[in-house]
Amino acid sequence: MRLSTILDILFPAACAGCGGADGVLCPACLPSGRAIQRFQLDALHVAALGPYDGSLRRAILAFKRGRRDVGAVLADMLARYLTSALPAHSVLVPVPTTAARRAERGFDQAVLLAREAGRLSGLGVLDILRQTAGDAQRGRSRLARLGARGRFRCSAGKLVAEVRVVLIDDVATTGATLRDCSAVLTAAGARVAGALVVARTP
Ligand SMILES: [Zn+2]
């Protein structure tokens, strides 16, 4: 038996939504299928497991503070949605956080969500978006500038041609980030089928 398993039995993790003892995210705190929100950002179809408030918001915050077990439960929910709603040949592309945040946290939450959801759903994952610093456009080639919109660039150049992409992120707020990422991937030749996020800010 692994040490982590023994520790789980001795000290079961509290529910990240309500602090109760009934699982990492207890049945009452798991977003239900009825909470799924679908909306459009220009031509981009977006789905969110639920609104960014209450137990779902607390769960996301706990994950960002390092509760990987909560991240795994959220990724499982993303995978269930992907399996039920998407054709099999899509590829997941996480929306990256800034390098500074990733260094501070020790991980990138969207990358972890995409990897785990990809593993569970059998979809491939391409971690090809990078967030650039504000003035990173300077000194780059014209082609590289054309392939970058706002804060993001695609590290794969033209390698994603013909790939059908689903963007993955933890929270969608204004949608500007998803729009930027979609534009960058489209410029790189990908077909952006949509975006799936854990929660949408009301
Ligand atoms: Zn709970």
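**Close-up views of a predicted model**

**View 1. Cysteines in the predicted model.** C154 is buried, at a relative accessible area of 14%. C181 is buried too, at 0%. Buried means under 20% relative accessible area, exposed over 50% and partly exposed in between (1.4 Å probe, protein chains only). The whole structure holds zero disulfides, a disulfide being a pair of cysteine sulfur atoms within 2.5 Å.

This is a predicted model: local features need pLDDT of at least 70, side-chain atom pairs count only at pLDDT 80 or more, and totals for chains, interfaces and linings use all residues. Residues are numbered from 1 along each chain as its sequence is written, and side-chain values use heavy atoms, with hydrogens and water left out.

**View 2. Helix 2 against helix 3.** The axes of helix 2 (residues 54–64) and helix 3 (residues 68–85) come within 7 Å and cross at roughly 125°. Helix 2 is therefore oblique to helix 3. Angles under 35 degrees count as roughly parallel, over 145 as roughly antiparallel, 65 to 115 as roughly perpendicular and the rest as oblique. The crossing is left-handed: the near helix is turned anticlockwise from the far one by less than a right angle. Helix 2 contributes L56, A59, I60 and F63 to the contact; helix 3 contributes R68, V70, G71 and L74. Contact means heavy atoms within 4.5 Å.

**View 3. Surroundings of T201.** T201 lies in the segment after strand 8 (191–200). Strands are DSSP runs (E, at least two residues), helices likewise (H or I, at least four), numbered from the N terminus. T201 touches Y52, V171, A172 and T173, not counting residues up to four places away in sequence. T201 and V171 are 30 residues apart in sequence, yet 7.2 Å apart in space, C-alpha to C-alpha.

Definitions and conventions. Axes are lines fitted to C-alpha atoms, for helices over the stretch in contact, and angles run from 0 to 180 degrees between N-to-C directions.
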